[in-house]
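Please look through the structure shown here, one part at a time.

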Amino acid sequence: MENGGTRTQQIRQVLLLFVLLGMSQAGSETWSFSVAEEMQSGSFVGNLAKDLGLKVRELSSRGARVVSNDKKQRLQLDINTGDLLLSETLDREELCGSIEPCVLHFQVLMQNPTQFLQIELQVSDINDHSPIFLEKQMLLEIPENSPVGAVFLLESAKDLDVGINAVKSYTISPNSHFHIKMRVIPDNRKYPELVLDKSLDYEELPELSFILTALDGGSPPRSGTALVRVVVVDINDNSPEFEQAFYEVKIRENSILGSLILIVSAWDLDSGTNGEICYTLSHASEDIRKTFEIHQKSGEITLTAPLDFETIESYSIIIQATDGGGLFGKSTVIIQVIDVNDNAPEITVSSITSPIPENTPETVVMVFSIQDIDSGDNGRIVCSIPEDLPFVLKSSVENYYTLETERPLDRESTAEYNITITVTDLGIPRLKTEHNTTVLVSDVNDNAPTFTQTSYTLFVRENNSPALHIGSVSATDRDSGTNAQVNYSLLPPQDLHLPLASLVSINADNGHLFALRSLDYEALREFEFRVGATDRGSPALSSEALVRVLVLDANDNSPFVLYPLQNGSAPCTELVPRAAELGYLVTKVVAVDGDSGQNAWLSYQLLKATEPGLFGVWAHNGEVRTARLLNERDAAKQRLVVLVKDNGEPPRSATATLHVLLVDGFSQPYLPLPEAAPAQAQADSLTVYLVVALASVSSLFLFSVLLFVAVRLCRRSRAASVGRCSVPKGPFPGHLVDVSGTGTLSQSYQYEVCLTGGSETNEFKFLKPVIPNIQAKGLGKNSEENSTFRNSFGFNF
């Protein structure tokens, strides 16, 4: 127990020494720490924050962590305290073998910003291995004539420890013939030699044995033993001698098995069995015995196992030549392994960031390290990526690289990048390693919605039902996710008098437009407004488009008769002389339609007549003309019903009632029918009225001529005035319009009509053409001419 406590205290002192040594180096570029091997996992190595002069929270905020080139995490960093702790128990012999000092290299990677700190961890040796002899029993055959002071080489003990803990000395059990001494060979290894103190006598003592003990320098020291048997051989006074005491040869590490490496040669002056030489490997480690083989007779050294320069760069071999009498000579062979380019570069990724936002330059995408365990040009490496990518490689410390964006990225052009990182060494032949990584680009709201059209024209028929879908607008956004989700809205109209909110609405999700109420073509024929499309990004982007709505006419208005006015007032009677020719213009029915297009195209048709066949109606302009010559048998009072019909679907119509009075001439007074004639007492008053009427006709004729001249001078397209039989009460509807050729009297057929008096019995009517259109025809024309005249007007009977 006391020895154990002393050993623990010594270990703590060694650890404290190395920790203080590491702390003293914290200010340099490389921070060194020290720890003894075999310490338990979780043992304290040092405080990184204290040694670097950093705050503990800085290590946490910058994501500090420990990385190493061999991909093994033997150290861990407690970012809450800044302590460096062991992640596993370290075995110095396993890590470094016989190399001293044993130094492990680590890097501390800190991000935001990226920074690398170099750490060296020196693993100190403890005396945890005892010396071991590979051969527990050694046999020495020593000639009896060997002189005093002769030296005999013994097998050395192997101790995996190094430094003071390695083999320090050898001792042998007490005897009267030999003592032991140390020999140091060129590779600084120590071998025991047996020195003869007293001459041997085969006849007196043919064989003797003793214990060989190897002691290391540890505290407490460890030891190992082997039995040495000495066989005294009869007279063989010449030992073998090599041609060279030291051989050096170079061999490529890719040499094939069985290759001849070297031939050693020795000679012996003795003859017979004492002169026969046998070659063996002396003091050879297990690696040497496994890798090389020597022919006992010829001295040829051949390769029996593959060489690896990265594992062992050179071998030191002792060749022993022994003659038949037991004498031997030794020579040292140094085999240098030549490196070949047999290791491809390696890539170790420390961190990667994906996806990365677009429009952000100089963003660190990946941090990685590269290495090649070959040497010279075989271990020199270059790193590259394709030139057509918007990325750049930047070198950092200790073969660390960062992959960064060279310029802002555009997700709408390229949403992801496949990047191949190529690492090539400079050996012959060159070896390369490729690492493929995919970098995704995340979206930023940098594209406003775009309408499929800059303007839309929609058509809707009047008298539509409310909430009718009249059309749609559509916009697309090149962004993705919520940045590409579009909302539609109506923008405030530029015309403040347009009640847009009561006319249309829009579906915010799909852009469908709806008419909120029934539209009237006659009140609103078209209107326009703007719609907006806004995405859901932050900040939101928007665009707008113009929408024009055209209201299509429906046949919802019946024809309206302007003349003769059908308002229930006193009927207007047309006067026709019985001597009128065929095709004589009686009057013209004037009508209009509030609709448009073909819905307002009017046609006229004679629906009823007192005497069918006497009058006809022109289908296109409503002119009423005589269809045949009048005679005395025709009733003096004619009643005509004219049908006015539009061209809509379905058609709408109206009727006009005409009263026609047949007279012998314009001088004949308007007399009532016999059954309604007044008393004889009124004859005198009628004569007076007739005289007044003739004067009035003359005045009207003169007025018509003057009016015609005025119209011609002003070049007006329509008649300036028309004499009215009666004045209609109230204004005409405001939507009635004049339609040339269909709705009003044409310029060629304008008349002044006058009714005098206020009673039914004292009323006269005269019809006088302002511009005569039909020249007087003689009664003597034949019936063929009359037929031709009638057909040229296209009457409706």
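Cys-383 has a relative accessibility of 18%. Buried means under 20% relative accessible area, so Cys-383 counts as buried. Cys-278, at 23%, counts as partly exposed. These values are computed from a predicted model.

Which cysteine is joined to Cys-96 by a disulfide? The partner is Cys-102, and the S to S distance is 1.9 Å. A disulfide is counted when two cysteine sulfur atoms lie within 2.5 Å, and by this rule the count comes to one. The link of Cys-96 and Cys-102 is right-handed, with 60° about the S-S bond. Both of these cysteines, Cys-96 and Cys-102, are buried.

Next comes the sheet. Strands of a sheet pair through backbone hydrogen bonds, in either a parallel or an antiparallel way. Here an open sheet has three strands in the order 2-5-4, and the pairing is antiparallel. Strand 2 (44-47) and strand 4 (75-78) are at the edges with a single partner strand each, so one side of each has no neighbour in the sheet. On average, neighbouring strands of this sheet are turned by 25° against each other, direction ignored. Strand 2 and strand 5 (residues 83-86) run antiparallel and are joined by three bridges. Gly-46 stands opposite Leu-84 in strand 5.

Phe-701, Val-705, Phe-708, Val-709 and Leu-713 make a nonpolar surface patch of about 460 Å². Phe-701 belongs to helix 7 (residues 683-714). With a relative accessible area of 45%, Phe-701 is partly exposed.

Notes:
Residues are numbered from 1 along each chain as its sequence is written. This is a predicted model: local features need pLDDT of at least 70, side-chain atom pairs count only at pLDDT 80 or more; totals for chains, interfaces and linings use all residues. Side-chain values use heavy atoms; hydrogens and water are left out. Two strands pair if DSSP finds at least two bridges between them. Helices (H or I, at least four residues) and strands (E, at least two) are DSSP runs, numbered from the N terminus. Axes are lines fitted to C-alpha atoms, for helices over the stretch in contact, and angles run from 0 to 180 degrees between N-to-C directions. Patches are made of residues with over 30% relative accessible area and no salt bridge: like charges are joined within 9 Å, nonpolar side chains (Val, Leu, Ile, Met, Phe, Trp, Tyr) within 5 Å. Accessible areas come from the Shrake-Rupley method with a 1.4 Å probe; for residues, only the protein chains shown count as cover. A salt bridge is a side-chain nitrogen of Lys or Arg within 4 Å of a carboxyl oxygen of Asp or Glu. Buried means under 20% relative accessible area, exposed over 50%, partly exposed in between (1.4 Å probe, protein chains only).
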